[in-house]
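Student: I am new to this structure. Please pick a single part, look at it closely with me, and then show me its surroundings.

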Amino acid sequence: MDQKGIFAHLIKQLMKLPSVGQKTAQRHAFALLKMSHKEAREIGQAIFDIKEKLIFCSRCRNISENELCTICSNPQRDRSKVVVVEEPSTVFAIEKSGEYRGLYHVLLGLISPLDGITPDDLYLKELMDRLANQEIKEVIVATSPNLDGEATALYLSKKIRPLGIKVSRIAMGIPVGIDLEFADEVSLIKSIEGRREL
Ligand SMILES: [Zn+2]
C-alpha cells in the first residue's frame, strides 16, 4: 500500500499511541474508514477537546475542565486524607474502585536522582502549601514501588512528618517494579487499605 498518502498518514499517527503497532494501527484506520462521517468526527473532536479544553486542577493537578476538579470541588469528600500519586492516570484507577473518599495530590512526576529530577521539578511546594492551609491529617503516598517511587516516598515522609501529619505508604500488594498505571483497581484499593505508616 502507498506509504505516503492520507491513509498511511493516519496509520503513522495512530502508531504514536502506546501499544499500537503497525497491524493494530492499520485495523483502527480501516475501522475509522468504515464509520459514518458523524462517528469519525466525534472521535476527532474528542481528541481535539482533551488538548483544548482540559487543564490541570489548580489545587491537586488532576485533569479538570474547570479551575477545581470534580474531586476537589465535591463537598462530600473526606478532606482529612490526601493520596499522593505521580500521574492523573492513578487517580482514575483508584476512583474506578469507588472505595476511596478522600482527596488527591498529583506530583506530575517522581524524584529521580539518576534522571536529574529534583523535588523542585515536581508539584511538591503546592502539596506543602495545602498541608499548611488545609485540615489534612494523613498523607498516603501511592507512588510506584520502584526506585524513584521509593525515593519520593522517603522524601515526602521526611518533609511531612515534622508537621505532625501522619504519612503512610501503600502496601506492596502491587508487584515491585510495576508502574502503578498498569495496576488494576482492586490491587490499588487493597494496597491503600493495607498502608503502613512511614
Ligand atoms: Zn483537584
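Tutor: Let's start with Ser 157, which is in contact with Pro 162, Val 167 and Leu 198 when its neighbours within four places in sequence are left aside; contact here means heavy atoms within 4.5 Å. This is a predicted model, with residues numbered from 1 along each chain as its sequence is written. Local features need pLDDT of at least 70 and side-chain atom pairs pLDDT 80 or more, totals for chains, interfaces and linings use all residues, and side-chain values use heavy atoms, with hydrogens and water left out.

Ser 157 sits in helix H6. Helices (H or I, at least four residues) and strands (E, at least two) are DSSP runs, numbered from the N terminus. With a relative accessibility of 5%, Ser 157 counts as buried. The word buried means under 20% relative accessible area, exposed means over 50%, and partly exposed lies in between (1.4 Å probe, protein chains only).

An α-helix has 3.6 residues a turn, so residues three or four places apart point the same way.

Ser 112 belongs to the loop between E4 and H5, and its relative accessible area of 2% makes it buried. Not counting residues up to four places away in sequence, Ser 112 touches Ile 117 and Asp 148.

Another buried residue is Ile 192, at 5% relative accessibility, in helix H7, residues 185-193. Its contacts, leaving aside neighbours within four places in sequence, are Val 83, Ile 94 and Ile 170. Ile 192 and Ala 142 are 50 residues apart in sequence, while their C-alpha atoms are 7.7 Å apart in space.

Now to the metal. Four cysteines coordinate the zinc ion through their SG atoms, at 2.3 Å: Cys 57, Cys 60, Cys 69 and Cys 72. (Donors are N, O and S atoms within 2.8 Å of the metal, or 3.2 Å for Na, K and Ca; water is not among the atoms, so sites may look incomplete.) The angles between the 4 donor atoms run from 105 to 115 degrees, which makes the arrangement tetrahedral; four donors count as such if all angles lie between 85 and 135 degrees. Along the chain, the donors follow the spacing C-x2-C-x8-C-x2-C.

Rings of Phe, Tyr and Trp (its six-membered ring) pair if their centres lie within 6.5 Å; planes under 30 degrees apart count as stacked, over 60 as edge-to-face and the rest as tilted. Phe 7 and Phe 30 form a tilted pair, 4.8 Å centre to centre with 55 degrees between the planes. Phe 7 lies in helix H1 (residues 6-14) and Phe 30 in helix H2 (residues 22-34), so the pair ties together parts 23 residues apart in sequence. Phe 30 is partly exposed at 37% relative accessibility. The edge-to-face pair is Tyr 100 with Tyr 104, at 5.2 Å centre to centre and 65 degrees between the planes. Tyr 100 is buried at 6% relative accessible area, and Tyr 104 counts as buried at 1%.

Finally, the whole protein. It has 7 helices and 7 strands, and 36% of its 198 residues count as buried. Among contacts between residues at least 6 apart in sequence, 54% join residues at least 24 apart.

Key: Tetrahedral: all angles 85-135°; square planar, octahedral: opposite > 155°, others 65-115°.
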